[in-house]
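Please consult the sequence and the model while reading.

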Amino acid sequence: MGNEESKNPNSGNSIKFPLSFSFALGAVAGLVTLVVSAGGTMHGLRWDLGGIAFGIAFIATLLIASLLVLGHKENPAYLSEGSGVNRKSSDRLADAKKDAAEAHKADNQGHDNQSDDGDPTAG
């Protein structure tokens with residue numbers, strides 16, 4: 001039951017979105033670093049720093065995005081059924097009140113059947 005995987009490849013367990021998102025973010029980081037690290041128009045572009053920034057941003061973003069996307073799994077339908085912890089608290093409170101009232105009623109019936117010889121308040 002718990003090991004069922006979805007048969008639909010478009011169900012959100014695809015790596016395409018995190019991969020493209022990471023590539024886009026890495027490209028932006030690489031371009032910004034490439035231009036900013038040049039230090040003006042008199043110096044050339046720093047391709048090495050741009051590549052390093054692209055790689056770091058790409059790998060970090062891919063790791064985080066893929067963990068978020070692939071870590072998501074829908075709960076099976078059977079978990080929302082039954083009488084366990086998934087019930088509404090208002091239903092559990094009503095059941096507890098009903099049980100307490102029945103216990104109190106049973107206690108009162110037990111006291112009515114006993115004699116009150118030793119009770120000083122009995123008249």
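The sections below cover the model and its confidence, the fold, the aromatic pairs, a serine and a surface patch.

## Model and confidence

This is a predicted model, in which local features need pLDDT of at least 70 and side-chain atom pairs count only at pLDDT 80 or more, while totals for chains, interfaces and linings use all residues. Residues are numbered from 1 along each chain as its sequence is written, and side-chain values use heavy atoms, with hydrogens and water left out.

The average pLDDT (the predictor's confidence in each residue, from 0 to 100) is 78 for the protein, and 70% of the residues score at least 70. Confidence is highest in helix α1, at a mean of 92, and lowest in helix α3 (residues 89-112), at 82.

## Overall fold

The protein has three helices and zero strands, in the order α-α-α along the sequence. Helices (H or I, at least four residues) and strands (E, at least two) are DSSP runs, numbered from the N terminus.

Of the 123 residues in the protein, 10% are buried. Buried denotes under 20% relative accessible area, exposed over 50%, and partly exposed in between (1.4 Å probe, protein chains only).

## Aromatic pairs

Rings of Phe, Tyr and Trp (its six-membered ring) pair if their centres lie within 6.5 Å; planes under 30 degrees apart count as stacked, over 60 as edge-to-face and the rest as tilted. By this rule, the count is three aromatic pairs. One of them is the stacked pair of phenylalanine 17 and phenylalanine 21, at 6.1 Å centre to centre and with 20 degrees between the planes. These two phenylalanines are separated by about one helical turn because they are four residues apart in helix α1 (residues 16-36). Phenylalanine 17 is exposed, at 56% relative accessible area, whereas phenylalanine 21 is partly exposed, at 40%.

An edge-to-face pair joins phenylalanine 23 and phenylalanine 54, with 5.6 Å between centres and 80 degrees between the planes. This pair links distant parts of the chain, since phenylalanine 23 lies in helix α1 and phenylalanine 54, 31 residues apart from it, in helix α2 (residues 47-70). Phenylalanine 54 is partly exposed, with a relative accessible area of 26%. Ring pairs connect Phe23, Phe54 and Phe58 into a cluster.

Serine 22 belongs to helix α1 and is buried, with a relative accessible area of 0%. Its side chain reaches the backbone oxygen of proline 18 at 2.7 Å. A polar atom of the serine 22 side chain also lies 2.9 Å from the backbone nitrogen of leucine 62. A polar contact is a pair of N or O atoms within 3.5 Å; within protein, one must be able to donate a hydrogen and the other to accept it, and residues adjacent in sequence count only if both atoms are side-chain atoms.

Serine 20, also in helix α1, is partly exposed at 43% relative accessible area.

## Nonpolar surface patch

Val28, Val32, Val35 and Val36 form a nonpolar patch on the surface, with about 370 Å² of accessible area together. Patches are made of residues with over 30% relative accessible area and no salt bridge, like charges being joined within 9 Å and nonpolar side chains (Val, Leu, Ile, Met, Phe, Trp, Tyr) within 5 Å. A salt bridge is a side-chain nitrogen of Lys or Arg within 4 Å of a carboxyl oxygen of Asp or Glu. Accessible areas come from the Shrake-Rupley method with a 1.4 Å probe; for residues, only the protein chains shown count as cover. Valine 28 is found in helix α1 and is partly exposed, at 49% relative accessibility.
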